[in-house]
Amino acid sequence: MNSLKYTDETDRAYGLGGMAVAMVVWESDRYIHMLDIEASADQGLRLTPDFYMIRSPKSSPRATWNDSVEKFQLTAGLIISNILCRALVKDRQEISTQLRQTIVSQLREEGAYVADLTDNEVETIFSKAYNYFHSIFSHPTIAGLCGKLAESVQSERQIYREQILEILAPLQRI
């Protein structure tokens, strides 16, 4: 896999499915509202308003920074899961070195912007998430669940949290 761009609707469905898996395995599924294959490229995974809530202005700077880092980690995990689900599950191939470098470069910019993270801090977050999700999407049971989720979002066009969690329920037993 050499590009961040979706090649077709099936590719997009697997990318959205990968992000839903990431939300569930990282126990952040409370933020999922729906998957929408017809939404704009950056709106296919719709999150609840709670995800965008800003800490109280009375919170300490450290608490605010920690919240920013946590949200950055989740965002990085979503991007990585989108790409790895498409590559490892749908295409059964690794991503290219060039694509990996592109992702890290974009995450460096985002990490510096949202949480004033250094390049090394971003690379550590990326490596940890990449290794974790690589093992997740290499698991044969996960591949089957991703395929089922991709089929559902393609056929129904929009699927809501309850249906997503029903499809991904076997993740609780893995």
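This is a predicted model: local features need pLDDT of at least 70, side-chain atom pairs count only at pLDDT 80 or more; totals for chains, interfaces and linings use all residues.
## Burial and ground rules

Buried means under 20% relative accessible area, exposed means over 50%, and partly exposed is what falls in between, using a 1.4 Å probe and protein chains only.

Residues are numbered from 1 along each chain as its sequence is written, and side-chain values use heavy atoms, with hydrogens and water left out.

## The nonpolar core

Let's start inside. A nonpolar core here is a set of buried Ala, Val, Leu, Ile, Met, Phe, Trp, Tyr and Cys residues joined through side-chain atoms within 4.5 Å. The largest one has 55 residues, and the members touching the most others are Leu35, Ile95, Phe137 and Leu168. Two or more residues each come from α1 (9-25), β1 (32-36), β2 (45-47), α3 (61-91), α4 (97-115), α5 (119-137), α6 (140-156) and α7 (161-167). The top contributor is α3, with 12 residues. These element names are DSSP runs numbered from the N terminus: helices are H or I with at least four residues, strands are E with at least two.

Phe137 is worth a click in your viewer. Leaving out residues up to four places away in sequence, Phe137 touches Gly18, Val21, Ser81, Leu84, Cys85, Leu88, Val89, Ile142 and Cys146; contact means heavy atoms within 4.5 Å.

## A three-stranded sheet

Three strands make an open sheet in the order β2-β1-β3, with antiparallel pairing. Two strands pair if DSSP finds at least two bridges between them. On the edges sit β2 and β3 (158-160), each pairing on one side only. From one strand to the next the twist averages 20°.

Between β1 and β2 there are three bridges, in the antiparallel sense. Met34 is found opposite Arg46 in β2. Helix α1 packs on the sheet, touching β1 and β2, and its direction makes about 170° with that of β1. Across β1 and β3 lies α6, running at about 120° to β3. For these angles, axes are lines fitted to C-alpha atoms (for helices, over the stretch in contact), and values run from 0 to 180 degrees between N-to-C directions.

## Salt bridges

Side chains of opposite charge can pair when their charged atoms come close. The cut-off for a salt bridge is a side-chain nitrogen of Lys or Arg within 4 Å of a carboxyl oxygen of Asp or Glu, and the count comes to nine. One of them joins Arg161 and Asp29, with the closest N and O atoms 3.0 Å apart. Arg161 is in helix α7 and Asp29 in the loop between α1 and β1, so this pair ties together parts 132 residues apart in sequence. Arg161 is partly exposed at 24% relative accessibility, while Asp29 is buried at 18%.

Asp36 belongs to β1 and Arg46 to β2, so the pair connects parts 10 residues apart in sequence. Arg46 is partly exposed at 30%. Glu123 and Arg108 also form a salt bridge, their closest N and O atoms being 2.3 Å apart; that links helix α5 to helix α4 across 15 residues. Finally, Asp11, Arg86, Lys90 and Asp91 are joined in a salt-bridge network.
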